[in-house]
Amino acid sequence: MRQHRRTLRLLGSLLLVAMAASVTGAAPAPAASPTPLDRVIPAPASVAPGGSPYRITRGTHIRVDGSRETRGVGEYLAKILRPSTGYRLPVTAQGAGGIRLRLAEGLFGAEGYRLDSGRGGVTVTAARPAGLFHGVQTLRQLLPAAVEKDSVQPGPWLVAGGTIKDTPRYGWRGAMLDVSRHFFTVEQVKRYIDQLALYKINKLHLHLSDDQGWRIAIDSWPRLATYGGSTEVGGGPGGFYTKADYREIVRYASSRYLEVVPEIDMPGHTNAALASYAELNCDGVAPPLYTGTEVGFSSLCAGKDITYDFVDDVIRELAALTPGRYLHIGGDEAHSTSHEDYVKFMDRVQPIVAKYGKTVVGWHQLTGATPAKGALAQYWGLDGTSAEEKARVVKAAQGGTGLILSPADRVYLDMKYTKETPLGLSWAGYVEVKRSYDWDPGAYLPGVPGGAVRGVEAPMWSETLENSGHVEFMAFPRLPGVAELGWSSAASHDWERYKGRLAAQAERWDALGIEWYRSPQVPWGAGGR
């Protein structure tokens, strides 16, 4: 009899649901299912699904150990989750269960982590705070995309059961933002930093000087910023960062576990400096400010002592503002500098960088001189770059120079996707999403020792980019693929599987308000606009 009554109650409940659906015209909502553990970008090193999912509820706490860094990561996670869930999610060192962030020695390295999820909770474990932070990015992607919204959403907030063990392939996973051709405000740079962090990028390379604008205040040479920073491509107002502005960018990047790598490009790409101080010119005559997009016409005067006083002052002040290990000295497209002067210049400038406690990074033309011990060369050539130029880079790598790979016809994010793309340039060709993703940094330059490749970086030059929407449209959907090349193993690299994971990101970009390009190479489905 009891079984009969239960059956009647069940039939009655189903009838009520059906009646409600007939009134609203909607079908009953399907049961929510969590995002599979292997759907994240970058692809994790190891995924073992299994067991019940964890559900974030009103009673969930974020539990941290006693360290300041762990609490900081916990507060960061809570700040993301609170608006969309509507839950308090207190960050506490007490109790058990919920979401737990813990530091523990283990086989995680400086940036690796382990994520364990089950009915009782989610635990992210790492040896270092950076690993915890990267684990939190994975946790974000395992939650529904609506978790990124800034208003309360219905949920449910499920995390699939199982274990992820993850460590990066390369230690340098960078993105460059050119703030010289067009100036970007502190808030715009912060917005990009948050987008980079979601995909475990750990270096922000800021291109702070070029022909069209000088963007950092230097006390000993104040006209660099006030005059040299007063314009940009097309003749706009330009702008520059005060030292307080720059420190804020560095602080914010550090809170997202990105290291800022500042670049002062020299001896070429220096018209803004030359226009600001006549004495830096070989003839003592300052050229006018420049707002075009040509390259290769400017050069510091390698034969004048004041040039090296200038370089010393700039590097000294910039190094004092920069807690990171690296300082980028450019060195590309110095077409109006003779080879002899270029070598002389680099021989004098590299020791200045070392004097102020930094490691030299330069574009790969640095290998045409003698790279300092420990220096990194950033390769931006093309598939079709001459064999001679590639051989010079390979020889330097074989001699101990580390390489950052940024092939322009693969990962220059300012290259047009197709000829119809309204933004960007095309001198390196058209770079669709598959081309950007479908190459192996470890095998890209034959003859380079495996240990010489330090990682990858995606530059974003700004000749045609004037605001955050422009930057995002060119970065997404290519940036996540570059991040995966830097983080995930070569064995995990597969375009057919990747493009499905990429398509699933579109709903998250929409929730974050990111502008993006709907590439026809990716099966976006209903989730992408």
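Note on the predicted model

1. The chain has 16 helices and 19 strands.

2. Along the principal axes, the C-alpha atoms fill a box of roughly 105 × 50 × 45 Å.

3. On burial and surface, 57% of the 529 residues count as buried, that is, they have under 20% relative accessible area. The accessible surface of the chain is about 21000 Å², and carbon and sulfur atoms account for 54% of that area.

4. On contacts, take those in the chain with a separation of 6 or more: 74% of them join residues 24 or more positions apart.

5. Seven strands form an open sheet with mixed pairing, in the order S1-S9-S6-S7-S5-S3-S4. Strands S1 (46-49) and S4 (91-92) are at the edges; each has a single partner strand, so one side of each is left without a neighbour in the sheet.

6. Within this sheet, strand S3 (residues 62-64) pairs with strand S5 (residues 98-103) in the parallel sense, over 3 bridges. Val 64 stands opposite Leu 101 in S5. Strands of a sheet pair through backbone hydrogen bonds, in either a parallel or an antiparallel sense.

7. Which strands does helix H3 lie across? Helix H3 (residues 129-142) lies across S5, S6 (113-118), S7 (121-126) and S9 (162-166). The helix runs at about 40 degrees to S6.

Notes: Residues numbered from 1 in each chain as written. Predicted model: local features only at pLDDT ≥ 70, side-chain atom pairs only at ≥ 80, totals over all residues. Heavy atoms only, no water. Pairing = 2+ DSSP bridges. Helix = DSSP H or I, 4+ residues; strand = E, 2+ residues; numbered from the N terminus. Contact = heavy atoms within 4.5 Å. Axes fitted to C-alpha atoms, helices over the stretch in contact; angles between N-to-C directions. Buried < 20%, exposed > 50% of the residue type's maximum accessible area, 1.4 Å probe, protein only. Areas by Shrake-Rupley, 256 points an atom, 1.4 Å probe, with all protein chains shown as cover.
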